[in-house]
Every structure is written in C-alpha cells, then in structure tokens.
Amino acid sequence: MTIVTFVHPDGREQRIAADAGESAMQAATRNDINGILAECGGNAMCATCHVYVDAAWLARLPAMGGDEDALLDGTAAERRAESRLSCQIKLSAGLDGLILHLPERQT
Ligand code: FES
C-alpha cells in the first residue's frame, strides 16, 4: 500500500491509500479527490489530471515521456517545473508518502 497526500489549493490535505500498480490519478478518482478530472481516463490525452509534485519528491519520480511533456504545455493552470500528469505517475512502495498539490483548476 502506498500512502499519497493530495493538498488542495486552500491548503486542505487528503491522505489516501493507493493499491499497488495504480496511477496517482486512479487512486485519486477512486477516493473522490476533487480537483482531478481525468477526462480521458488515463490515456494521456486530456491534461485534466495535472498536479504539482511536492519539491521533496520530484527527483524520485521517473522522467516524463514526450507525450506527457507536450500535454503539460496545454494545462488550464500554469505549468511549473514540478508539473506532472497524475495518470502517468505509477505508484509503488518507493513512493509511499508522496505529496501532490492540486492546481486551482483543470479546465
Ligand atoms: S487523465 Fe487524461 S491526461 Fe491524465
């Protein structure tokens, strides 16, 4: 089990338990985290699962692919250095404790 904390723009935190092999987006939607829309269902086509990875965790994630990089140029909220698509973050034991900040908007 991997524990992930989502931090809302107002500072409110929600901590969820993710199943092995789930993406951060899947864990968020399964746990009714508001702020992750995931309109394309995790197919890297919509960019409505945008998150800001906490600085302490950024270097521990695998590098993003070209598709993710391109989609991040079209996010509703500003793209930052710590921007990722949560559907492309596969959760594992090594990411236990991951902190993801939610943007102000996804559309
Ligand atoms: S859910 Fe659509 S890009 Fe992640």
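1. Rings of Phe, Tyr and Trp (for Trp, its six-membered ring) are taken as a pair if their centres lie within 6.5 Å, and a pair counts as stacked with planes under 30 degrees apart, as edge-to-face over 60, and as tilted for the rest. By this rule the count comes to 0 aromatic pairs. The model is a predicted one, in which local features need pLDDT of at least 70 and side-chain atom pairs count only at pLDDT 80 or more, while totals for chains, interfaces and linings use all residues. Residues are numbered from 1 along each chain as its sequence is written, and side-chain values use heavy atoms, with hydrogens and water left out.

2. A charge is said to sit over a ring if NZ of Lys or CZ of Arg is within 6 Å of the ring centre and within 35 degrees of the ring normal. Arg-80 lies over the face of Tyr-52, at 3.9 Å from the ring centre.

3. Strands here are DSSP runs (E, at least two residues), numbered from the N terminus, and two strands pair if DSSP finds at least two bridges between them. On that basis there is an open sheet of 5 strands in the order β2-β1-β5-β3-β4, with mixed pairing. Its edge strands, each pairing on one side only, are β2 (13–18) and β4 (83–85). From one strand to the next the twist averages 40°, with axes fitted as lines to C-alpha atoms and angles running from 0 to 180 degrees between N-to-C directions.

4. How is strand β1 (residues 2–7) placed, enclosed or open? Since 5 of its 6 residues are buried, β1 is largely enclosed by the rest of the structure; buried means under 20% relative accessible area, with a 1.4 Å probe and protein chains only.

5. β1 pairs with β2 in the antiparallel sense over 6 bridges. Val-4 has Ile-16 as its bridge partner in β2, and Ile-3 stands opposite Ala-17 of that strand. The hairpin of β1 and β2 has 5 residues between the strands, and in it Gly-11 takes a positive phi near 95°.

6. With β5, β1 pairs in the parallel sense over 4 bridges, and the bridge partner of Phe-6 in β5 is Leu-100. Strand β3 (residues 50–53) pairs with β5 (residues 98–101) in the antiparallel sense over 2 bridges, where Val-53 has Leu-100 as its bridge partner.

Note on methods
Buried < 20%, exposed > 50% of the residue type's maximum accessible area, 1.4 Å probe, protein only.
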